[in-house]
Amino acid sequence: MDLGITGKRALVCASSKGLGRGCAEALAEAGVDLILNARGQDALEATAAYIRDRYKVNVTAIAADITTDAGRAEVLKAAGDIDILVTNAGGPPPGLWTDWDRDDFIAALDANMLTPIALIKALVPAMMTRGWGRVVNITSVSVKAPIPVLGLSNAARTGLTGYVAGTARQVAGSGVTINNLLPGLHDTDRMIALDTAASKSSGDSFDDVRAAKYAAIPAGRYGDAAEFGATCAFMCSQHAGFMVGQNILLDGGATVSTM
Ligand code: NAP
């Protein structure tokens, strides 16, 4: 399918690895020029070089922490006017509900709620003026079904979801769509680190840890970044102009609900 977005420009945050990179690659395959971002310069430059070489699109790489005012300012200056925004950043740390104080909540809100909102506020007005734009926020399955050890994530991402639900309906008439893409378990570096830690603490092998988790997913496996990216690219395509304020869950059927 021709996604109809060849020649558009996209900012994909937190995209040197994992789900952000999957989104960047799928957009590049559709002919979209990219501004990529991550904190670590080496992995970011390597990803940028790979995408330039493989997909023959223009790629600008900005090493910065997207969750800080200074980092965002640097990324936004390099990005200029863009047509497509994919927001993403690392997730908050796990813990118990009694662990977290005000500073922990402020950090989580900054990273996973206020950063995407700041990017939307900075970039959507120009999209509205031009009459076309797409925003996809990478959030989490935790907004549909809370993950108890990720209370900071549950709270911050649900706050963003509420903001998007109202805002998406205010900008849709100008040709700009805002939607959220919710990952369930996906096979990224983050998941390898989590499963390695689980293997060490339980004494079970890495493969046994994974097998137990696969058994709880009707699809029988983790998702991968390429299929996640393909869904993101569709949500950024010409064909998705009637998709407004939605929460698209990719979890292999793990969350049991009728709707
Ligand atoms: P990942 O494999 O660890 O990749 C994270 C990417 O984000 C890297 O490129 C990293 O590069 C960049 N990054 C992290 N913090 C950043 C920051 N402050 N500023 C700029 N770049 C930053 O993680 P992932 O699995 O793709 O997860 C992406 C998001 O989806 C996270 O918020 C995660 O909580 C959420 N999520 C993931 C899953 C899953 O199963 N994988 C499930 C639900 C939700 P640098 O470290 O160099 O900055």
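These are my notebook entries on a few spots I looked up in this structure, which is a predicted model.

**Entry 1: helix H2**

I started with helix H2, which runs over residues 41–55 and has 15 residues. From its first C-alpha to its last it reaches 21 Å, close to the 21 Å expected at 1.5 Å a residue.

Next I wanted to know which residues of H2 are buried. I got Leu-44, Thr-47, Ala-48, Ile-51 and Tyr-55. Looking down the axis of H2, I saw that these buried residues fall within an arc of 100°, so they line one face of the helix.

What do the buried residues of H2 pack against? My list has helix H1 (18–29), strand S2 (33–38) and strand S3 (59–63). Then I turned to the face of H2 that points away from the buried side, and there I found the exposed residues Asp-42 and Asp-53.

I also checked what follows H2: it is Lys-56, and its phi is positive, near 60°.

**Entry 2: charges over rings**

Arg-21 lies over the face of Tyr-50, and I noted 5.0 Å from the ring centre.

I found another case at Trp-132. Here the charged end of Lys-8 sits over the ring, 4.1 Å from its centre.

**Entry 3: aromatic pairs**

How many aromatic pairs does a search of the whole structure find? It finds two.

One is Trp-100 with Phe-105, and I wrote it down as edge-to-face, with 6.3 Å centre to centre and 85° between the planes. Trp-100 counts as buried because its relative accessibility is 14%, which is under the 20% cut-off. Phe-105 has 32% relative accessibility, so I put it down as partly exposed.

The other pair is Tyr-214 with Tyr-222, which is edge-to-face too, at 5.0 Å centre to centre and 85° between the planes. Tyr-214 is partly exposed, with a relative accessible area of 25%.

**Entry 4: two loop residues**

I picked Ser-142, which lies in the loop between strand S5 (133–138) and helix H5 (151–171). Is Ser-142 buried or exposed? Its relative accessible area is 3%, so it is buried. Leaving out residues up to four places away in sequence, I found that Ser-142 touches Ile-147, Ser-153, Asn-154 and Arg-157.

Then I went to Cys-236, in the loop between helix H8 (225–235) and strand S7 (247–250). Cys-236 comes out at 0% relative accessibility, so it counts as buried. Which residues does Cys-236 touch, not counting residues up to four places away in sequence? I listed Ile-5, Leu-27, Ile-84, Trp-132, Arg-134 and Val-136.

**Entry 5: domains**

Last, I looked up the domain assignment of the chain. It gives domain 1 as 9–185 + 224–245 and domain 2 as 187–222. I noted 26 Å between the C-alpha centres of domain 1 and domain 2. How many residues does the contact take from each domain? Eight come from domain 1 and nine from domain 2.

Conventions: Residues numbered from 1 in each chain as written. Predicted model: local features only at pLDDT ≥ 70, side-chain atom pairs only at ≥ 80, totals over all residues. Heavy atoms only, no water. Helix = DSSP H or I, 4+ residues; strand = E, 2+ residues; numbered from the N terminus. Expected span 1.5 Å × (residues − 1). Buried < 20%, exposed > 50% of the residue type's maximum accessible area, 1.4 Å probe, protein only. Arc of directions from axis to C-beta. Contact = heavy atoms within 4.5 Å. Phe/Tyr/Trp six-rings, centres within 6.5 Å; stacked < 30°, edge-to-face > 60°. Lys NZ or Arg CZ within 6 Å of the ring centre and 35° of its normal. Domains from an automatic or database assignment.
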